[in-house]
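Hello,

Here is the model for you to look through. My notes on it follow below.

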Amino acid sequence: MMSDQFRKVEPYSPKSSPRGARSPVVSRQDSSGTLKTTISLGKNPSIVHSGPFYLMKEPPGECELTGATNLMAYYGLEHSYSKFNGKKLKESLSSFLPTLPGIMDGPGQEDNSTLGSVIAKRPIGGKELLPLTSAQLAGFRLHPGPLPEQYRYVSATPPKKHKSKHKKHKHKDGAPLGQDTPLQDSSNPDTYEKKHKKQKRHDDDKERKKRKKEKKRKKQKHSPEHGGLTPNQHPMP
Amino acid sequence: MSSPLENLETQLEMFVENVRQIRIIVSDFQPQGQSVLNQKIQSLVTGLQEVDKLKSQVQDIHVPTEVFDYIDQGRNPQLYTKDCIDKALAKNEEVKGKIDSYKRFKSHLLSELSKTFPNEIAKYKAIRGGE
């Protein structure tokens with residue numbers, strides 16, 4: 001009784017509903033797109049399907065561009081595709097930058113010269129670039145003469161490898177190695193030093209091989225298994 | 001008319017060539033080469049100034065950081081482009097395959113359902129507008 005005094009009469013209550021016992025028609029937003037039913041209560045409760053099929057949704061909108069389209073043709077990349085896949089690309093960085101001198105095919109981690117490190121730890125910049133004064137240039141006065149050995153061949157241009165058989169024949173004839181390597185600049189003092197170094201290496205290799213052969217021969221002479229001479233059979237001097 | 005990238009490339013190549021020439025002078029230095037060395041060092045500074053001027057022209061060019069991994073390994077950066085194209089093509093083919101499979105499945109399902117539930121499928125087709 002007390003509760004009745006304080007009960008507010010809702011405009012949509014079943015007692016005062018203009019639709020009678022049926023539930024009020026309140027537009028509700030259907031976010032799932034699946035509600036196609038109306039539930040009515042009262043004397044004759046019923047579930048009315050407003051749509052023909054359960055869980056039938058509206059189909060997604062038609063899209064012009066799908067994965068079924070040849071996207072290479074759509075974006076005009078066929079030329080790029082044939083350019084990169086038609087010919088075999090060389091693996092090395094030096095093939096991409098043929099005009100730049102120096103050895104660049106090694107990993108940058110070796111001499112701490114990676115681009116990643118430049119991005120990770122940006123160098124301090126922002127200062128104005130000014131030409132050096134004569135006092136500052138005085139710091140670049142050098143002593144005459146060649147560089148010490150340990151600094152000489154740092155980042156030198158690597159010799160190009162030739163796979164031709166003629167090189168071997170030239171070795172046998174005693175022709176110098178330097179003639180095979182192409183020279184960027186014939187007047188370059190570096191190439192003379194490179195020739196010299198290659199010849200030295202070649203000579204060293206020859207000597208090593210000779211020594212190895214001599215050692216083998218000596219061993220074979222002294223071992224009885226190979227039919228060589230035993231100590232008793234050594235010829236008298 | 002050369003592009004800003006070509007200008008930058010040319011400028012950088014000239015700078016590297018300058019450095020190479022300095023290396024040659026220094027490797028076997030002679031006193032009469034001091035003035036030439038000083039000129040070359042000054043041209044290093046002007047080279048850097050030129051590169052600095054060109055940076056505004058290439059501000060809109062973005063480089064993916066994955067390319068730097070290729071360069072740091074001493075590999076050709078064009079291989080990155082090739083790998084991207086290959087991956088895009090493979091993904092395109094994969095998605096096309098999925099779409100085609102789903103289309104075939106749908107048509108197969110509709111044909112089988114229409115044998116079992118002809119009236120319902122007729123209603124469905126009428127609602128869908130003959131998709």
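**Chain A: layout**

Reading from the N terminus, the elements of chain A go α-β-β-α-α-α-α-α-β-α-α-α. That gives nine helices and three strands. Helices (H or I, at least four residues) and strands (E, at least two) are DSSP runs, numbered from the N terminus.

Before you go further: this is a predicted model, so local features need pLDDT of at least 70 and side-chain atom pairs count only at pLDDT 80 or more, while totals for chains, interfaces and linings use all residues. Residues are numbered from 1 along each chain as its sequence is written, chains are lettered from A and ligands numbered from 1 in the order in which they are written, and side-chain values use heavy atoms, with hydrogens and water left out.

Chain A has 237 residues, of which 12% count as buried. Buried means under 20% relative accessible area, exposed means over 50%, and partly exposed is in between (1.4 Å probe, protein chains only). The accessible surface of chain A is about 21,100 Å². Carbon and sulfur atoms hold 56% of that surface. Accessible areas come from the Shrake-Rupley method with a 1.4 Å probe; for residues, only the protein chains shown count as cover.

Now contacts, meaning heavy atoms within 4.5 Å. Take the contacts in chain A between residues at least 6 apart in sequence: 21% of them join residues at least 24 apart.

One backbone angle to check is at L55(A). Its phi is near 60 degrees, a positive value in a residue other than glycine. Most residues other than glycine have a negative phi. L55(A) sits in the loop between β2 (46-49) and α2 (71-74) of chain A. The residue is partly exposed, at 48% relative accessible area.

**Chain B: layout**

Chain B has five helices and one strand. Their order from the N terminus is α-β-α-α-α-α. Of its 131 residues, 26% are buried. Its accessible surface is about 8,800 Å², with 59% belonging to carbon and sulfur atoms. Among contacts in chain B with a separation of 6 or more, residues 24 or more positions apart account for 46%.

T46(B) lies in helix α2 (residues 34-54) of chain B. T46(B) is partly exposed, with a relative accessible area of 37%. T46(B) and F15(B) are 31 residues apart in sequence, and their C-alpha atoms are 9.3 Å apart in space.

**Helix α3 of chain B**

Which residues are buried in α3(B)? They are V67(B), F68(B), Y70(B) and D72(B). The buried residues of α3(B) pack against α5 (115-120) of chain A together with α4 of chain B. After α3(B) comes G74(B), which has a positive phi, near 75 degrees.

**Helices α4 and α5 of chain B**

Two packed helices are described by the angle between their axes and the distance between the axes. Helix α4 (residues 78-116) of chain B packs with helix α5 (residues 118-128) of chain B at about 130 degrees, and their axes are 6 Å apart. Axes are lines fitted to C-alpha atoms, for helices over the stretch in contact, and angles run from 0 to 180 degrees between N-to-C directions. So α4(B) is oblique to α5(B). (Under 35 degrees counts as roughly parallel, over 145 as roughly antiparallel, 65 to 115 as roughly perpendicular and the rest as oblique.)

From α4(B), the residues in this contact are L110(B), L113(B), S114(B), K115(B) and T116(B). They meet P118(B), I121(B) and Y124(B) in α5(B). Five of the contact residues are nonpolar, two are polar and one is charged. Here Ala, Val, Leu, Ile, Met, Phe, Trp, Tyr, Cys and Pro count as nonpolar, Asp, Glu, Lys and Arg as charged, and the others, Gly among them, as polar.

**Aromatic pairs**

How many aromatic pairs does the structure hold over all chains? There are three. Rings of Phe, Tyr and Trp (its six-membered ring) pair if their centres lie within 6.5 Å; planes under 30 degrees apart count as stacked, over 60 as edge-to-face and the rest as tilted.

One of them is Y74(A) with Y75(A): edge-to-face, 5.1 Å centre to centre, 85 degrees between the planes. Y74(A) is partly exposed at 42%, and Y75(A) is exposed at 53%.

Another is Y70(B) with Y80(B): edge-to-face, 5.6 Å centre to centre, 75 degrees between the planes. This pair links distant parts of the chain, with Y70(B) in helix α3 (residues 65-72) and Y80(B) in helix α4, 10 residues apart. Y70(B) is buried at 14%, and Y80(B) is buried at 16%.

Best wishes
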